[in-house]
Amino acid sequence: MITIFTDGSSRGNPGPGGWGAIIVRDEKKDSKKSVTELGGHEGHTTNNRMELTAAIKGLEYVVKSDFSDGIAGDIVINSDSSYVINGITKWVHGWKKKGWRTLDKKEVVNRDLWEALDSFVAEAGVGKKISWNYVGGHVGIAGNERCDEIATSFADNEPVKLFSGSISDYSIKDILDISVSADASVAKSEKKSSKSRSGAVAYSYVSMVDGVIATDKTWRECEARVKGKRGAKYKKALNTFEEAEIMAQFRENSSKN
């Protein structure tokens, strides 16, 4: 098993940013586990780009390190970014079919990083299974907390010292434990998501009336379309990615009915 934790941070969006990754794996020579911490800085970036970069760098390390040869174990990537996880497990398939375009025919934001991540996933996944696991941020999961510390220190251009060596010498003894705060992670994530979404400015409102899907830029327009219409569905999207996902969900539900 190769376990990877990743996180990204930016001071401003855009602004200076940093990323962090931790790789825990078995060494071929003695079957003992080792830990490698990675981190980096960019002067002008966004939080999403740093989240993507952390995942890319973690997989790149696996691909370019000789320990990847002959290891039959799976790769598990733990991230607190639903943007990264949804993108690489769901949205990327449609983007590739459309030439890296969204449903509204616009180029995918951060395409360069999505293409790089997709490439490393394909390369690292040869003969192995790659699993993407969502973990809540700031809920006491040791691997996520350490990655956040690395990412924010690089974002501030005051990087912490990175560890590389045997897991027995690593200061974080529960690095592989993600179960201790699992329930708290879900509860906090859902609460934070609900609170932030309610007050967030909408990118668009997606609605489906009589099987026809449409998008409106204001709630007033959407309300006029769905009000009084039996079976009408609508949902607020905060960005182009959510808009595309909601439209896909509506289409899927419509095809089942």
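**Entry 1: H1 and H3**
I started with helix H1 (residues 47-64) and helix H3 (residues 111-124), which pack at an angle of about 30° with their axes 9 Å apart. That angle makes H1 roughly parallel to H3 (angles under 35 degrees count as such). H1 passes H3 in a left-handed crossing, meaning the near helix is turned anticlockwise from the far one by less than a right angle.

I noted that axes are lines fitted to C-alpha atoms over the stretch in contact, with angles from 0 to 180 degrees between N-to-C directions. Helices are DSSP runs of H or I with at least four residues, and strands are E runs of at least two.

Next I looked up the contact (heavy atoms within 4.5 Å): H1 brings residues including Leu52, Ile56 and Leu59, and H3 brings residues including Leu113, Leu117 and Phe120.

**Entry 2: the model**
I kept in mind that this is a predicted model, where local features need pLDDT of at least 70, side-chain atom pairs count only at pLDDT 80 or more, and totals for chains, interfaces and linings use all residues. Residues are numbered from 1 along each chain as its sequence is written, and side-chain values use heavy atoms, leaving out hydrogens and water.

**Entry 3: H2 and H3**
How do H2 and H3 pack, and at what angle? I found helix H2 (residues 82-97) at about 95° to H3, with axes 11 Å apart. That makes H2 roughly perpendicular to H3 (65 to 115 degrees). Among the residues that meet are Tyr83, Val84 and Trp95 in H2 and Trp114 and Val121 in H3.

**Entry 4: the whole chain**
I found seven helices and nine strands. Of the 257 residues, 45% count as buried (under 20% relative accessible area, 1.4 Å probe, protein chains only).

Key:
Angles under 35 degrees count as roughly parallel, over 145 as roughly antiparallel, 65 to 115 as roughly perpendicular and the rest as oblique. Buried means under 20% relative accessible area, exposed over 50%, partly exposed in between (1.4 Å probe, protein chains only).
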